[in-house]
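Take a look at the sequence and the structure below. Then follow the report through its helices and aromatic rings.

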Amino acid sequence: CSKWSTDTVSNLQNLTNFILGLYIGLVLTRWWKIREQHQVVFGRTNDIAVLCAAYLQPTAGVSAQEVAEIRARINRYTNLAHGLVLIQASQSGSFEITKDKGMDVNLLMDQGILSEDEWKVLEHAKPRYLVAYMWAAALFRECADRGILCKQMLP
């Protein structure tokens with residue numbers, strides 16, 4: 001009876017190790033895919049910041065201070081979108097983010113990335129990050145209409 005129980009325990013340990021190995025491999029594969037997607041979002045956010053610095057320039061009738069404020073708002077909106085993507089991903093894809101659910105939205109507010117008025121709009125939007133990108137796009141459109149958006153980079 002002792003040999004049978006020792007063999008059974010050994011087989012169960014081997015089976016458990018095999019199943020756990022498969023599970024860990026699956027978890028790591030998922031984590032890596034999420035990491036790659038995060039890098040894409042992070043890279044695009046940085047690209048927008050660089051484009052703002054390059055293409056949004058003061059013109060006649062528009063001060064350097066006003067252009068700097070517009071750049072800052074666009075960068076804030078893209079950072080907000082990035083933060084909202086991370087919050088959504090951290091909550092297993094749930095769209096049910098509420099201000100009282102955790103530190104996530106409160107942290108964005110504490111850092112000045114999200115205002116109370118903006119949260120009132122975003123609270124009922126799905127997906128929220130797209131609204132923040134749309135706000136940034138609307139600012140770009142406003143800049144184009146006002147002539148702040150440079151038409152060419154090199155002389």
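In which helix is Y23 found? Y23 belongs to helix α1, residues 2-55. Keep in mind that this model is predicted.

**A patch on the surface**

Y23 has 51% relative accessibility, and the cut-off for exposed is over 50%, so Y23 counts as exposed. Y23 also takes part in a nonpolar surface patch.

**Aromatic pairs**

A pair of aromatic rings is described by the distance of the centres and the angle of the planes. The count here is 2 aromatic pairs.

| Pair | Distance of centres | Angle of planes | Class |
|---|---|---|---|
| W31 and W32 | 5.6 Å | 55 degrees | tilted |
| Y77 and W135 | 5.4 Å | 55 degrees | tilted |

Y77 lies in helix α2 and W135 in helix α5 (residues 128-146), so their pair ties together parts that are 58 residues apart in sequence. Y77 is buried, with a relative accessible area of 8%.

W31 is partly exposed, at 48% relative accessibility. W32 is partly exposed too, with a relative accessible area of 41%.

**Helix α2**

Helix α2 covers residues 64-90, which makes 27 residues. At 1.5 Å a residue, helix α2 should span 39 Å. Its end C-alpha atoms are 39 Å apart, so the span agrees. Buried residues in α2 include V67, I70, I74, Y77, L80, L84 and I87. H82 and Q88 are also among them.

Methods: Residues are numbered from 1 along each chain as its sequence is written. This is a predicted model: local features need pLDDT of at least 70, side-chain atom pairs count only at pLDDT 80 or more; totals for chains, interfaces and linings use all residues. Side-chain values use heavy atoms; hydrogens and water are left out. Helices (H or I, at least four residues) and strands (E, at least two) are DSSP runs, numbered from the N terminus. The expected span of a helix is 1.5 Å times one less than its number of residues. Buried means under 20% relative accessible area, exposed over 50%, partly exposed in between (1.4 Å probe, protein chains only). Patches are made of residues with over 30% relative accessible area and no salt bridge: like charges are joined within 9 Å, nonpolar side chains (Val, Leu, Ile, Met, Phe, Trp, Tyr) within 5 Å. Accessible areas come from the Shrake-Rupley method with a 1.4 Å probe; for residues, only the protein chains shown count as cover. A salt bridge is a side-chain nitrogen of Lys or Arg within 4 Å of a carboxyl oxygen of Asp or Glu. Rings of Phe, Tyr and Trp (its six-membered ring) pair if their centres lie within 6.5 Å; planes under 30 degrees apart count as stacked, over 60 as edge-to-face and the rest as tilted.
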